[in-house]
Amino acid sequence: MLTLLAKLFKALNSETSPWALAMAMVLGMFLGLTPLWRVHNLVILLGALIFRVNLTLFLLSFGLFSGIAYLLDPMFHDFGLAILQASSWQGIYEAAYATAVGRVSQFYHTITMGSFVFSLLISPVVAVVTYFVVNNYRKRIQKALLKLKVVQMLRGSRFWQLYTDLRG
Amino acid sequence: MATVHGFTGVVMKRSVIRWPGLAVFGGIVALIVIVSWLFLDAILKVSMEYGLGRVNGAEVNIARVEHEWSPLTLRAYGVQATDAAKPTHNQVQLESFSADISAAELLLGRIHIEQLDVLGVRVDQPREQGEGEVYVTPSKDDVKNWASANWEQLKVSLPSTDEIVQQVGLQTDQVLADAEQKIEQQRTQFNDAKAALPDKEKIAAYQQQIKEITEGDVEGLGDVAARKKKLDQLKDAIREDKAAIERFRAQLSESAEIVKTQIARVKDAPGNDIDRIQNFFQLNETGLQNVTGLLLGDRARQWSEYLLLAYEQLAPMLARSANSQTVEKARGAGESLSFVEADAPPEFWIKNARTEVLIAGTAVNIDWQNITHQHNLLGQPTTYQARVDNSDLWNAFNLDGELSLLESGIDAKQQWQLKGANLKSLGLSESDELTASIASALLDSDGTVLVRGNQLDGEAIIRMLDLEMLAQGSSKITNAIAAALKQLNRLDINTEIAGDILSPSLSLNLNSDLDQQLGKLLGDTAMAEAQGKLNEIRADLTAKVEQQLGPNTELLQNITQLNSQAGDFNQQLEELLKSKIEDNLKDKLKDRLFGNS
């Protein structure tokens with residue numbers, strides 16, 4: 001865990017693009033909020049691995065949003081049910097249901113549909129917020145933090161050792 | 001999305017693609033495939049236990065699952081489905097099943113099984129591994145509605161004579177008191193009327209006066225007129241007395257009638273009381289509860305679970321799989337909706353199945369066609385047939401039926417005939433109160449069952465011929481029942497089957513003439529025991545009645561006697577009224593005028 005945090009700080013303090021970190025956050029959010037054993041998560045994983053996305057933030061985001069998903073499951077069910085019962089979409093659902101891809105995607109599952117659409121809707125917000133936080137961290141918080149006595153004490157700790165090892 | 005990274009003063013623009021990531025992804029996918037491949041049987045086992053458990057409403061255990069890729073075949077061994085209403089037992093268990101699955105349809109998300117073979121089906125078996133977990137607890141209303149739960153609840157008991165006497169409330173004393181009061185009233189009226197009656201002296205005086213008026217010397221016409229006037233006055237007095245006598249006689253008749261009635265009531269009172277006590281000993285069907293249900297209920301339920309296998313096991317599972325509302329949702333499990341088109345094949349379809357059901361060691365094969373929960377897509381019902389002739393257990397057995405899951409619910413029909421089933425040493429009751437078993441019997445049964453909109457309605461007749469029963473009770477009542485059971489040599493039982501097919505169980509009502517037979521026999525037994533006490537009661541009541549009857553009978557005799565006497569007086573007065581003064585006077589005057597005197 002300490003290693004993971006150290007890696008996170010390394011990423012935050014590095015010159016990695018804030019948008020790349022935001023992308024990692026969003027992809028991790030998809031993986032965390034939607035049921036894990038779904039084909040679309042393979043695509044998410046492929047995207048996270050193949051594109052130069054920060055894997056540390058991706059994994060932390062996955063962990064964080066998995067916990068949130070547990071709390072939101074009932075809401076995802078209701079949301080997905082409402083989407084899947086929308087009368088104007090029935091024709092499309094029926095057509096998709098008749099295909100192997102449709103079946104494998106499990107779009108007809110309420111929590112899968114609800115959490116996926118929810119993730120889609122909030123991904124721009126999550127991306128922008130992540131970008132804003134990273135930018136502000138780098139501009140303001142990083143310097144202020146370094147001046148704090150607590151941080152100075154931390155710099156003499158094992159955590160800082162790990163951090164610097166990673167950095168080196 | 002380029003990343004700029006400073007390194008010894010050289011600025012290098014890195015590619016957005018991280019090619020080693022592709023290799024890692026490939027590795028992860030390969031790992032998932034390998035793990036799935038290696039542990040597919042275990043994954044299938046857990047998935048099937050979970051899925052079937054949700055549909056069953058209670059824990060499902062599978063000992064082992066095997067698969068073959070070509071042809072795609074799935075085999076499972078030791079499948080046990082817990083009974084949600086009785087978690088200590090399996091609702092159904094099977095030794096193994098083998099399913100030939102269509103791979104092409106599976107790729108399109110449909111489970112089409114060309115042939116399903118199910119071996120060693122048993123129902124209502126105790127769970128060896130202990131109580132199973134229940135996911136959907138059946139409501140109290142769903143639990144089988146047996147006539148009685150056990151012998152201990154048999155409320156009827158043979159009453160003691162004292163209890164009965166207390167409950168009956170003997171009426172002889174009351175009758176005696178009523179009669180006494182009424183007769184006493186008549187006695188008073190009788191005495192009053194008697195006091196107002198003219199006595200013998202008064203009648204003799206009337207006779208003397210009439211004689212004086214109509215006899216003796218006549219002084220002339222004036223004297224005749226005076227005598228006539230006197231006679232008329234006398235007759236008026238006689239008429240008043242005659243009217244009094246007639247009223248008295250009417251009163252006597254009324255009193256006699258009342259006294260007679262009361263005497264009759266008093267005489268009948270002890271007999272009526274004894275009759276009422278005896279009636280109290282006759283136990284009716286309600287008092288006995290349903291001994292047929294008590295005795296044969298468990299066994300009939302067991303038989304029905306085999307006969308109604310399609311309804312009790314398959315139909316509820318199909319219906320639950322078709323309707324997610326009937327399966328309790330696990331948190332976070334979500335719900336899979338079906339968007340199948342109207343002309344698409346069913347998503348789950350077992351084209352042919354053979355189930356080998358084990359009944360007392362005999363295998364009965366039931367052939368099934370078109371098992372699905374989407375009969376509207378298939379356009380055909382699920383059908384099943386079984387025919388076993390000349391088996392060790394019976395001469396002939398036929399069963400056929402069909403069922404469909406429609407929007408309105410389950411529609412189904414089934415009929416069966418069983419001829420010459422040999423029952424030997426069949427335990428019926430092993431309770432502390434009563435042990436009973438059928439030593440031997442020949443059983444015939446036929447019945448029909450209809451299901452419309454999930455509501456099941458059926459009836460069956462069970463005939464037991466050449467019946468020989470062994471029974472022993474541990475109390476007065478169960479001993480009497482045991483004695484009655486041992487006398488039975490034929491028993492016809494009408495069975496009514498009803499209930500909601502989606503509930504975990506159905507209700508059975510059993511009726512036969514056994515209850516009436518037992519009621520009569522128990523009544524006779526109780527009466528025999530109570531006879532001595534009844535004789536005492538009868539003697540006691542009769543003595544009381546005799547004591548009162550003596551004076552009353554005497555009163556009745558007096559009334560009768562006096563009535564007769566009053567009749568004589570009435571006659572005499574009537575005669576007196578006929579007396580005429582004119583004739584005597586004429587004679588006297590003639591004598592005087594013509595010198596005859």
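This is a predicted model: local features need pLDDT of at least 70, side-chain atom pairs count only at pLDDT 80 or more; totals for chains, interfaces and linings use all residues.
Reader: Where does the label "transmembrane region" in chain A come from?

Author: The label comes from UniProt, in an unreviewed entry, and covers residues 20-37, 49-72 and 111-134 of chain A. Such annotations may be inferred rather than shown by experiment. For residues 20-37 of chain A, the model gives 78% helix and 0% strand, with the end C-alpha atoms 25 Å apart.

Reader: What does UniProt mark in chain B, and what is the helix content of residues 21-40?

Author: The unreviewed entry places a "transmembrane region" at residues 21-40 of chain B. That span is 95% helix and 0% strand, and its end C-alpha atoms are 27 Å apart.

Reader: What elements make up chain A?

Author: Chain A has 9 helices and 0 strands, so a run of DSSP helices is what the definition returns. In order from the N terminus the elements read α-α-α-α-α-α-α-α-α. Of its 168 residues, 33% count as buried. Among contacts in chain A with a separation of 6 or more, 85% join residues 24 or more positions apart.

Reader: Why are helix 2 and helix 3 of chain A called roughly antiparallel?

Author: Helix 2 of chain A and helix 3 (residues 39-50) of chain A pack at about 155°, with their axes 10 Å apart. Angles over 145 degrees count as roughly antiparallel. The pair is therefore roughly antiparallel. The crossing of these two helices is left-handed.

Reader: Which residues form the contact of helix 2 with helix 3 of chain A?

Author: A:L27, A:F30 and A:L31 of helix 2 meet A:N41, A:I44, A:G47 and A:A48 of helix 3. By class, this contact has 5 nonpolar, 2 polar and no charged residues.

Reader: How many residues does each chain give to the contact of chain B with chain A?

Author: The contact takes 28 residues from chain B and 28 from chain A. On the chain B side, strand 1 (4-7) and helix 1 (19-38) each give two or more residues. Helix 1 of chain B supplies the largest share, 6 residues. The residues of that side divide into 15 nonpolar, 8 polar and 5 charged.

Reader: How do you know whether B:A103 is buried or exposed?

Author: B:A103 has 11 other C-beta atoms within 10 Å. A residue with 12 or fewer counts as exposed, so B:A103 is exposed. B:A103 lies in helix 3 (residues 103-107) of chain B. Its C-alpha atom is 9.1 Å from that of B:S70, 33 residues away along the chain.

Definitions and conventions
Residues are numbered from 1 along each chain as its sequence is written. Chains are lettered from A and ligands numbered from 1 in the order in which they are written. Helices (H or I, at least four residues) and strands (E, at least two) are DSSP runs, numbered from the N terminus. Two residues are in contact if their C-beta atoms, placed from the backbone, lie within 7 Å. Ala, Val, Leu, Ile, Met, Phe, Trp, Tyr, Cys and Pro count as nonpolar, Asp, Glu, Lys and Arg as charged, and the others, Gly among them, as polar. Axes are lines fitted to C-alpha atoms, for helices over the stretch in contact, and angles run from 0 to 180 degrees between N-to-C directions. Angles under 35 degrees count as roughly parallel, over 145 as roughly antiparallel, 65 to 115 as roughly perpendicular and the rest as oblique. A crossing is left-handed if the near helix is turned anticlockwise from the far one by less than a right angle, and right-handed if clockwise. A residue is buried if 20 or more other C-beta atoms lie within 10 Å of its own, exposed if 12 or fewer, and partly exposed in between; C-beta atoms are placed from the backbone.
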